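Biologist: I would like to learn how to read a helix and the disulfides around it in a model such as this one. Could you take me through them step by step?

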Amino acid sequence: MSDGPVLLAALAPARGGKAKPAAAPVPEPVAAPPPYGQEQAAADIELVLTGRGKDYLQARARLEQHPAVAAPLVTARMAATPAPTTAEQRRLLALLGGIARPEDIPLFADAMRRDVAAAVKQSQEQGIELPAAEPWREVLRAQGPAAAPALTGLIAEKSFTEELRGLLIADLVAVTPADKLPELIALVGLGAPTLRAALRQAIARRAHSSASERAQLIKVVDAALDAREPARLPGLVLLRAALGDTSDAAFTSRAAALAEDAASEFAARVAAIRVLVARRSDPAAQDVLARLVEQHLPADKRVALRSEILGSLALAGVDATRAAALVERLQLIGADAPRVATAAFAVAALPDSGAWLDSSQRHAWPEVRAAALARVDGPCSTPILRRLRDGTATSGDTFEADPTVAREVLAALGRCGGPDAFAALQAVVVDVAQNVDRRAEAARQLVDRHGPGGADVVAAVLRSTDDLAVALRLVRALQRLEGPGTDDVRQALCAAGKRQELAQSAQRALRGLFPDLDEPCAGNGR
């Protein structure tokens, strides 16, 4: 007999066994929430305008999840009477930014124009328009490629500063699709210099974030370079350099050839030399730069302005040993041309005797005098210290009329260090006949270079002066002190803080110099 029926009988439930459990009740169907309609959207818009915290965030989230219902109501609310307040309008525009309808993008651009104009009208402070524009820049960037036309229109706004327009150029480059980037290359080399630079920097920044885009742009720029359009060539050279790096030997060779090509446009040669200077570590670049100096800076050649410019730019990139030899052989620190002499002082090998400093301070051009002073470094010889002290005079043959050069004299004294330089700086800061800018620079050098000892001198002058302009500059100089302040500094700042015009600056300095004192101006200093 087969075992099949036995197995089936064993697996079958026994008759009369435990009752089968009753089936679980079927839950009642939950009614679906009503569709999100205009009534709910209108209520959420009011919450966005008036709500805070969780209510505001939830209402905004619902609106952004239902753009087809919400967006027309938001735009209608913006056009309603009475008109929304400025704060309400900002919230509505931010909401539209989250909804991200292309047709609303012009509203964001117009809002930026209004906010920038209002900020400029309210204050003439430099840079005031940048924070006013930033929220709308952020909203526009969030729209991606659809924002490109609006950004292009904003870049063309003549009422905007070039600084803001440069930032908008960066935004435009950031939102441009990869396949449209070559179209931006067609704009390189056009427009105002600061905007040209902003475009180059933005394209290079974008390219270095993507290897494929960088390779694509290098091909496009190389093709544009081959066309050799005179107006665009300098900008294209600089952009091509920014897209590559110092290991890009092929482009270094191309720049070298352009730099030495007398038939090329002057501006393009200048750009090529700048590329070689940036790549000065390449021996091939060094050879070309040295040849350009020898070609353009002999006495009979540097009288021509173009030769003066080309040779001076090249000299800045020549390595120290070779540059010093060229300066000596061509007698460049004695050149009448200010650009040549300035470049020469930056790289020349200068003896300790100080005779070079004395002769340099008789040069007619202040930039040459300043470049020579920038080479002073401590410890300083007696002749150099004597010449610097003479340069701090308030009148006579050694009086320095140019304020920039006068500051360089004091900065050089600061770098000299030592007691003689300290005494010379102290003499300037205590001298009421000195110009306020020179006294302020002397104070900065005393604090920066001589620490607490110099700060105590500045503090003493601060306590004795009645001149508000001088006092304010001295307080700012004391703020530069590194490490804890001395008791003399504390007392001087506390005294200054009693003058209404100085109170804010003095309190800021006290907080920075005495962070461990809850009440630095209390009777016991604690």
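Predicted model: local features only at pLDDT ≥ 70, side-chain atom pairs only at ≥ 80, totals over all residues.

Biologist: How many residues does helix α23 have, and what length does it reach from its first C-alpha to its last?

Modeller: One way to read a helix is to set its span beside the expected value. Helix α23, residues 403-416, has 14 residues and reaches 20 Å from its first C-alpha to its last, which is close to the 20 Å expected at 1.5 Å a residue.

Biologist: What is found at the start of α23, and what comes just after α23?

Modeller: At the start of α23, a side-chain oxygen of Asp402 comes to within 3.0 Å of the backbone nitrogen of Thr404. Just after the helix, Gly417 takes a positive phi of about 70 degrees.

Biologist: Which residues of α23 are buried, and against which helices do they pack?

Modeller: The buried residues are Val405, Ala406, Val409, Leu410, Ala411, Ala412, Leu413, Gly414 and Cys416. The buried residues of α23 pack against α21 (366-373), α22 (382-391), α24 (418-430) and α25 (436-464).

Biologist: How many disulfides does the count come to, and which other cysteines form one?

Modeller: The count comes to 2 disulfides, and Cys494 and Cys521 also form one, with their sulfur atoms 2.0 Å apart. Cys494 lies in helix α27 (residues 487-496) and Cys521 in the segment after α28 (503-513), so this pair ties together parts that are 27 residues apart in sequence. The torsion about the S-S bond of Cys494 and Cys521 is about -95 degrees, so this disulfide is left-handed.

Biologist: Is Cys494 buried or exposed, and what is the relative accessible area of Cys521?

Modeller: Cys494 counts as buried because its relative accessibility is 11%, under the cut-off of 20%. Cys521, with a relative accessible area of 44%, is partly exposed.

Biologist: What pattern do the disulfides follow along the chain?

Modeller: When the bonded cysteines are counted along the chain, the disulfides of the protein follow the pattern 1-2, 3-4.

Notes. Residues numbered from 1 in each chain as written. Heavy atoms only, no water. Helix = DSSP H or I, 4+ residues; strand = E, 2+ residues; numbered from the N terminus. Expected span 1.5 Å × (residues − 1). Buried < 20%, exposed > 50% of the residue type's maximum accessible area, 1.4 Å probe, protein only. Contact = heavy atoms within 4.5 Å. Polar contact = N/O pair within 3.5 Å; in protein donor to acceptor, adjacent residues only side chain to side chain. Disulfide = S-S within 2.5 Å.
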